[in-house]
Structures are given as structure tokens and as C-alpha cells.
Amino acid sequence: MNGYLPHRSRRGGCKICCPAPSLWPFVAQALGFTVISIDTPCADYLTAIGSMFPQVLSPPSEAAAASVCVVFGDWTFFQHKSADYWTASVVPHVCYVDRACARVAPEGWVWFQHDFRHAHVGGITDGVFTLGILVLHEHVTHYDSPAAVPSLPIQAPSALGNVLNSTLYADAYTDAAGLRAVDTPAQMGAPPMYLGRLLLPGGLAPVASLDHVKVVVPCVFHRPKWGVRKLDLSELGGVWDVPILFQERLVKDGDRGATTLRQLCRRCPGKVLHLGTDYSLGVYCRGGVGRDSQRSTPSVEILEQVGGLREVRRAAHEAASQVETDMDLDIVVKQEGQKSDDAEVPVHLWDGMWMRRRREVGLPVMKGWHGRPKDMDRKSKLPRWRMSLQLLRRYMFIRFWRRSVTRSFCIYARRYNQQTNNQRTKEESSGRKALSYGRKAVVWSLKRRKRSGAPSYVWTNSGRADYKKFWERPRQSDHSRAVLESGREALGRVALATWWDWNGGSSLFFWRWPNSHIRWAREGQPHFVTGELPSFVEAQRKSATEESQALVQEKVNKVRRRMYIAPGLVLSLTHMFDVPKPPDDIRMVYDGTASGLNDALFAPHFTLPVVENTMRSLLENYYAADLDVGEMFLNWPLGKDLQSYAGVDVTHVQTKKGSDKEERELDRARPWERW
């Protein structure tokens, strides 16, 4: 439950009281409680937590305050509360208890506490943390004997290596004995393992010294694949079960966010709070406090305050939405089997989700629409409301998108040319006059235009020449020409694209990338060459059968047609082969290993994420989707220095000479092309 995916139905409201940054808001949300307010003196923490729980930034209403059925917090916040506070309060208090604090139950209250080992609740540290619960005497769940109290089931432990990032730089670790120790499989739940003063990743993490001890970590930047460094803040957050989204939010706050994250890593881990609180409430306060406090759903006023207005509006329009239940809205987005690469886009799924979304937000139902939307269109054989959506996509939305992309590139190119002109002007000698425009560039002419028949401005001879120089000067540098050529290629693909497919192929909109990565997005990221590049010229073999060869020819020619494979200088070839893709399709594999190209390149190793990694980033109301993005491999440009070593033998896929030869093949007669 690292990501605090809720596993309880809504229980009502809760209040959080903590003197320092804490993970209580995420734990409360995962346990089904609605966070009404947070009482804390930490302004930076409250601002950061308010981005994910916006309702806590404003004082709660009387109805919201009355809905609180449990209070979460730290015992240091409550231990000095007056007797009047405990007399007025009736709801349970679940607290994280510092071992140095004195624990005395107020009059009329019963105190229970348990020590929870982090490793026994699926954690990574060897720490033991104490949680306590205060319940009014008349609300306590009684047991016949101490042996009848249920015990907490032990969860599967973890290891420090599960949160280490192998892409962070570290000092090389080359000790032979140490390498044999770290290469052994991790022992889940084992105590912290040291090799001298270095902490090994195969066991648990020590709570006392984790923030300053050096750790042997996997590192992709060294041959032995191991390095030595201190843990990064994000890794410390993973050890203390800080939700990933909250980590990202704190990183955006700079030094203040880093300070808050360090404070979180000195408190109780999230898994201990989560499972320990669930255990304490379930054992000592079963069913809540009184019948009135057992609210499965908060009231309308509370929902409006905490951002639940969507549920209210959905309930208000539920009856009206029943009128359209007879409509065929297929929203199944996953079926058994694999989809063919050329399968049609399931437009009906998108249309159905659009209509369902209208119902969820409570917009007017189709009963009040004009034009009989449920009638069938004669040509398309679709309901008229679906045909209207297709027309909007085809004639309005796609044109607006094309215009937006083109405008964004023109703005970028204009700024780039201006910067280039300014730079070239500074580099030129001071005696040379810079280009400028004024009244002499154009003059007013009374001669009538042929088209409009009205007088207008016309160029002067010097003005036209200066304007021509103004646009030709940026094209004199290689980088400027690369910008214009890459932009022209991208806009050409945009012009051929439809709402559902990239008929002309796709390429990166490099001008929308950060300045630090624009050149790599435009020309391809340079590769780390560690050996001699190959000179492989072995001819490409045909597929095993005529049927599969026909499919290979179709798929490769589609790639060539979209100019992912194009003519150019070829110094070495790479092979390709096909593998079956049930039921009757193939998947192309472009192989750089047989030619020796991969052996000459350094590539970092990235561990395949598993479901446990995904769970850490999930929060309430999140959806998980399996996205099969077409042509993702082809969309990224290959480094310019490597393109000539990634040749493709297209002899067996070229169209034969004759009347069926495609127009694109007329100037592509050579047997070798390249990526």
C-alpha cells in the first residue's frame, strides 16, 4: 500500500494534528476518511499538502467539523492538552508516540499502544515504531482475555535495493570481495548488512544512520555496475514510504520542499501508520463511536467543501440520465488477444466515453437536444450525434490543431532567427552596418493592383534586397538550416495526419522541448560509443514463408513510405526479422546485435517495473491503463553520427519494376537505405 490506494469504503471525516510534517493525510485517505482540516505550525508543509488536499487551506464549516469521527496526529501534540479539551472530545485519537514522551491517559479515556516493526508491515527499515489509540471508556471494544485480542498479520518484508536508483552517478566500486557480496541475491527482511563501513543493498536499512551512511548501489555508469554514494532524497522518501506524487510536489518547492522531505524521513514511516492505524481502529474501536458517527457517505455540504461536488451533481442527474440507457454505449477498452498493427481505431469507444462523461458531470441529457440526434444518418449509418462528433473532428478540431502546431513553430523560428541575427551582428566588425528597416523599405504606390484594384505599399529595390538578406542570413549556418529542415519535416507530417492516425508518420515537435534538450530532440541524442563501429555488409535474408514475406514487405514499405527509412550514406547494415503475432499478424524486430553495432555502444540497464512499483504512485480515483502507443520506436530520431551505421537492405521489399511500381520508388532504386 505504498501508494495509499484506498481499500476501505468512506468512513466519514477526520482531523489531523501534527507538530511536524507527517504522512497522516495520505494514510487517512487510504483508510477511507475525508480529511477535513490539518492543524500544524509548519507553513511550508501545509502549503505543499494543500496542493493535494485543497480543502485544508480554508477553515472548515460547522457541518464539516461536526462530521469528524476520528483524530490522527502525534502524541506530542496532545500530551499537554487541558482537561476541557478531553471533556469536549468524544472521538478516538490515533497517535504516533515518541519513545521519549510520557504516556498518561486522560480521565475517562483508555490508552492502548503497540510496537510495530517496519519490516513486518512490508517496510524497508529495521525500525520499531509505537502507535497508540485513545478511546472513551464506554466506546472501547472489550475482549474476554488478552489472548482473544487479534494479532496483526505479518506482511512480506522488503530490502533496501528495491528503492535504489541505478541512473544516479556514484563513485566506482571495484573491490573484488565486495562485488561477490553485493552480487548475491537480496535477502528480504534480513538485518542491515555491512562490508566495512559500507552498507550493502541486500538487507534492511538502518533507521539511525541511513541519511549519512554510504551505500553500495547499482550504477549504470561503471563497468562493474556498482558504485558508492549516499542515498538521494527521493530514495530516502521511498524508504519512508512517502508517496511519489508528494515527493514530486516537494521537489518543485526547492530547498523548502527538500527540508520538508527530510523531516518526513525522521518521522514514522507510511506503512506503519497505515497498517498500524487500521489494526488499532479495527481492534479497539470496532464500528466507530456511536451510531451517529457511522457515516458511510459525508453530507452534501461536506462534499461541496472537500471537492466532492461531482458526486452531488451526478446523483442529481441520475434520474434524467436513465432516459438514455437504451443507447448503445460500448466502453470496453480491453479485449483478449493482441490487436493487429493495421486494426481500425475503435471510434465507438471514444464516442461512448464522451457521452458517459456528459452524464457523470450532470450536463443536460439528449432529450432536450434539437435535430433528432438518435436518428440514423443515411450515408454513415451512424446515429446523428456520433456523425456530428466525426464532422467536428474532421473539419474543426484537426484544423485547429494543425494551425496551433504551425503557429508555435513559426514563433520559435522567428525568435531563433532573431537570436541568430543578433549574435552574428555582434560577431561582425563594428564598421559593417547592421540591417535595419524604415520608411525606405516600402513606399506607397498609387498604381492599382490587378486583384484588388486598390493602391498599396510596394517594395523599394534596396528594401527588397535587405529583406531577402534578412531571411537568408540565418540559413547560412548549419544549425539554422537544421532547424528549418526539421521543422518543415514535422509540419509536413502534421499536414498529412488525421484525427486518428499519422498517415505521413510522426516526429518530435522539438521546439516545444526544454532548451537543454531541443537539439537532441531535433537531431537525435548522441550515442556513447565505446568501441569500433562495425562494417557489416551481409545481405538481408527473406522471411521463412511467402505469406510472412508479404507481411514483411507491407510493414517495411509502410515505414519507408513514412520516411523513417530513407536514402542516404550507408557504411554498415543492420538486419531485421519477423516473429508471429497471433492470430494472423507479425511483429517486426530490427536487430542491431548481429551486425555488432550494439557491442560498440554503451547502454544503461533499466530494471523492468513490476506491479509493486506502480502501486506506489497510485492515489484515490486514479485509473491504470495499458497503453499500446504505435510507432513509438520510430518516432525518436537516431543520432546523426550513427545513421550511416544503421543501414537497411531493402532488396526484398522494393516494388518490382513495371506498371505497379509506386511513384515514391522512382528515385529510390538503390538496394541500401538507412534509418
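Trainee: What stands opposite Met-576 in E15?
Mentor: Tyr-590 does. Strands E14 (residues 573-581) and E15 (residues 585-591) pair antiparallel over 7 bridges. Pairing needs at least two DSSP bridges between two strands. Strands (E, at least two residues) and helices (H or I, at least four) are DSSP runs, numbered from the N terminus.
Trainee: How many residues sit between E14 and E15?
Mentor: The hairpin has 3 residues between them. This is a predicted model, where local features need pLDDT of at least 70, side-chain atom pairs count only at 80 or more, and totals for chains, interfaces and linings use all residues. Residues are numbered from 1 along each chain as its sequence is written, and side-chain values use heavy atoms, leaving out hydrogens and water.
Trainee: New topic. Which residues of H9 are buried?
Mentor: In H9 (residues 255-264), Gly-257, Ala-258, Thr-260, Leu-261 and Leu-264 are buried. They span an arc of only 160° around the axis, so they lie on the same side of H9. That arc uses directions from the helix axis to the C-beta atoms. Asp-255 and Arg-256, on the other side, are exposed. Buried is under 20% relative accessible area, exposed over 50%, partly exposed in between (1.4 Å probe, protein chains only).
Trainee: And what covers the buried residues of H9?
Mentor: The cover includes helices H2 (43-50), H7 (233-239) and H8 (244-252). Contact means heavy atoms within 4.5 Å.
Trainee: What order do the strands take in the open sheet of 6?
Mentor: E2-E1-E3-E4-E6-E5, with mixed pairing. E2 (33-39) and E5 (109-117) are at the edges with a single partner strand each, so one side of each has no neighbour in the sheet.
Trainee: Which residue in E6 is the bridge partner of Val-97?
Mentor: Thr-130. E4 (residues 93-97) and E6 (residues 128-136) run antiparallel, joined by 5 bridges.
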